[in-house]
Amino acid sequence: MITHYALNTPNSHKISIALEELALPYRVEVVDVRAGEHLTPAFRQINPNGKIPAIVDHDSNTTVFESCAILMYLAAKANRLMPIAPNERWEALQWLFLQASGAGPMFGQWAWFTYYAGEPVPYAIERYRIEAERLCSVVDARLQGRDWMCGAYSIVDIAYFGWFHCLAAMHFDLGRHAGLGRWYARMLSRPAVQRGIAIPSPLPGWDAARKLG
Ligand SMILES: N[C@@H](CCC(=O)N[C@@H](CS)C(=O)NCC(=O)O)C(=O)O
């Protein structure tokens with residue numbers, strides 16, 4: 001049994017989707033970061049960095065934080081959704097790390113300065129918009145002529161989907177990038193993805209008047 005410390009956020013939905021795809025037994029513990037529940041000493045025992053998602057696998061007595069590390073752990077546990085051949089594995093890892101370091105933090109900052117900053121900071125919005133749009137083009141180019149990010153459907157697709165789903169919810173038109181738009185529709189057609197983006201609950205709605213892009 002796995003405990004999934006979760007909230008309705010892009011990084012957390014990645015883990016919900018993977019758990020659903022892999023059909024691993026799990027329970028959800030909602031950690032409301034908006035109410036500061038991630039800052040307690042008890043939660044810092046699970047993630048010293050004080051962020052969700054995190055998991056505890058009670059079968060192996062293992063705690064894992066950082067969403068892409070969790071995805072790798074779950075894929076290894078189930079022996080699915082991650083290429084095994086060395087060349088393909090390295091390819092998948094580099095795309096996974098690019099999601100964790102780029103198409104995640106940059107999208108998150110863009111969203112923050114667009115929707116949440118106490119005062120408008122046009123320079124910051126523009127800086128993150130340019131980098132986020134550049135990353136969209138990189139992923140779009142990768143998806144030209146392929147169904148999935150790295151060979152067969154894998155945790156790499158799940159990692160990117162968490163954030164592209166959030167951009168779509170923030171009214172960014174993914175269809176501007178043809179390969180990305182088709183891949184997003186392909187992802188959304190998977191029943192486990194549909195279940196995952198509603199666990200523990202769907203993303204909040206965002207004001208279309210301030211849409212990204
Ligand atoms: N790199 C981390 C990012 C995790 C993260 O930023 N989590 C957010 C919610 S999606 C959070 O816990 N925010 C609370 C805070 O920063 O105080 C991952 O991929 O797991």
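1. Helix H5 (residues 105–116) and helix H6 (residues 122–143) have axes that come within 8 Å and cross at roughly 145°. Helices here are DSSP runs of H or I with at least four residues, strands are runs of E with at least two, and both are numbered from the N terminus. Axes are lines fitted to C-alpha atoms, for helices over the stretch in contact, and angles run from 0 to 180 degrees between N-to-C directions. The crossing of H5 and H6 is left-handed, that is, the near helix is turned anticlockwise from the far one by less than a right angle.

2. The model is predicted: local features need pLDDT of at least 70 and side-chain atom pairs count only at pLDDT 80 or more, whereas totals for chains, interfaces and linings use all residues. Residues are numbered from 1 along each chain as its sequence is written.

3. On the H5 side, the contact with H6 is made by Met-106, Phe-107, Gln-109, Trp-110, Phe-113 and Thr-114. H6 contributes Ala-124, Ile-125, Tyr-128, Arg-129, Glu-131, Ala-132 and Leu-135. Two residues are in contact if their C-beta atoms, placed from the backbone, lie within 7 Å. By class, the H5 contact with H6 has nine nonpolar, two polar and two charged residues; Ala, Val, Leu, Ile, Met, Phe, Trp, Tyr, Cys and Pro count as nonpolar, Asp, Glu, Lys and Arg as charged, and the others, Gly among them, as polar.

4. Helix H1 packs with helix H3 (residues 67–78) at an angle of about 5°, their axes being 9 Å apart. H1 is therefore roughly parallel to H3, a term for angles under 35 degrees. Asn-11, Lys-14, Ile-15, Ala-18, Leu-19 and Leu-22 of H1 meet Ser-67, Ile-70, Leu-71, Leu-74 and Ala-78 of H3. This contact has eight nonpolar, two polar and one charged residues.

5. The open sheet has four strands in the order S2-S1-S3-S4, with mixed pairing; two strands pair if DSSP finds at least two bridges between them. Strand S2 (26–30) and strand S4 (62–65) are the edge strands. Strand S3 (residues 54–57) pairs with S4 in the antiparallel sense over four bridges, and Ala-54 stands opposite Phe-65 in S4. H1 lies across strand S1 (2–6), S2 and S3, and runs at about 150° to S1.

6. Around the ligand are Thr-9, Pro-10, Asn-11, Ser-12, Val-33, His-38, Lys-51, Ile-52, Pro-53, Glu-66, Ser-67 and Ala-100, each with its C-beta atom, placed from the backbone, within 6 Å of the ligand. Helix H1 (residues 10–22) supplies the largest share of this shell, three residues. The shell has five nonpolar, five polar and two charged residues.

Key
Parallel < 35°, antiparallel > 145°, perpendicular 65-115°, else oblique.
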